[in-house]
Amino acid sequence: MFRQVTEASGQVDWCYMHANPSPVYHPCFSERLLQEMKRTQDRIRRDLAADQNPQAGIHHLVLASDADVFNLGGDLSLFAHLIRSNNRGRLLEYARLCVEVAFNFYRLYEDRVHSIAVIQGDALGGGFEAALCCHTIIAEEGAGMGFPEVLFDLFPGMGAYTFLTRRVTPTQAERMMLDARVYPVEELLRMGVVDMVVPKGQGMQAARDLIKRHQRMGNSLRAMNTVRQACRPVSLDELLSVTTEWVDAAMRLNDRGLKTMERLIRAQQKRAEASPQISASA
């Protein structure tokens, strides 16, 4: 489900969602995947806390996927079930876990971490949000990113507004959150949402090259992480407040919205069954 490879130097963690996917695996943010990601983040936090060397360089965490998409977003099957059964508490637990993972990728409780998302294949909904909470986004040509939530009368509530408005204006962010477009990464590069677009199949090498360049400027990156948070802070309280509103909006969905959500579930499942899986390696 979640595969982690730590380099011998201890300075880079390569993390892959959707490890060992089967032909019927749905590459979304299941509760199991989120819990495994959070455990990995906690482990990195403990390791960094134990390293008291003030001269230690920047630590890198690379988030990628073993499937042929980056991530298709939230677990819509779970959403539909919890909404139809009027289980607001369980839906709120899931949403809080999502934003805790997103916040950890942004901060990892430590200014020594630089997170990199490598987009190989589409990143939709929560998948787009996961990329946005990373410091650097590298995308391969041909990938698309967008928010489909408005199709079933909902909005992306696990960090989209918070992190997208750090890259584009609030007006543009709201437009992107409500137009249901899947944006080509080449367009997102021009907008400043994506940091780098590389030829298909070269995303991981681009991440390696970036990390190598960063090794010569670790002190600067550590300082910039601190400056970024001081000037444009991201707080867990803000993320939790937004996701609570998302839960309330989800619980208000009518049968038409839920049926649209369920049609999207079936379309994603068919896509997963028809698509060949790829395997990434560090």
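Guide: Two strands pair if DSSP finds at least two bridges between them. Strands (E, at least two residues) and helices (H or I, at least four) are DSSP runs, numbered from the N terminus. Here strand β7 (residues 144–146) pairs with β8 in the antiparallel sense, over three bridges. Gly146 has Val182 of β8 as its bridge partner.
This is a predicted model: local features need pLDDT of at least 70, side-chain atom pairs count only at pLDDT 80 or more, and totals for chains, interfaces and linings use all residues. Residues are numbered from 1 along each chain as its sequence is written, and side-chain values use heavy atoms, with hydrogens and water left out.

Visitor: In what order do the strands of the open sheet of three lie?

Guide: The order is β5-β7-β8, and the pairing is mixed. β5 (123–124) and β8 (182–184) are the edges. Each has a single partner strand, so one side of each lacks a neighbour in the sheet.

Visitor: Next, helices. How do I read their packing?

Guide: Two packed helices are described by the angle between their axes and the distance between the axes. Axes are lines fitted to C-alpha atoms, for helices over the stretch in contact, and angles run from 0 to 180 degrees between N-to-C directions. Helix α1 (residues 31–50) packs on helix α3 (residues 88–107) at about 35°, with the axes 10 Å apart. The contact (heavy atoms within 4.5 Å) includes Leu34 and Met37 of α1, and Leu97 and Val101 of α3.

Visitor: Is His135 buried or exposed?

Guide: Buried means under 20% relative accessible area, exposed over 50%, partly exposed in between (1.4 Å probe, protein chains only). His135 has 12% relative accessibility, so His135 counts as buried. His135 sits in the loop between α4 (126–132) and β6 (136–140).

Visitor: Which backbone atoms lie by a polar atom of the His135 side chain?

Guide: The backbone oxygen of Tyr106 is 3.2 Å from a polar atom of that side chain. The backbone nitrogen of Ser115 is 3.0 Å from a polar atom of the His135 side chain. Leaving aside neighbours within four places in sequence, His135 also has contacts including Arg167, Asp195 and Arg228.

Notes:
A polar contact is a pair of N or O atoms within 3.5 Å; within protein, one must be able to donate a hydrogen and the other to accept it, and residues adjacent in sequence count only if both atoms are side-chain atoms.
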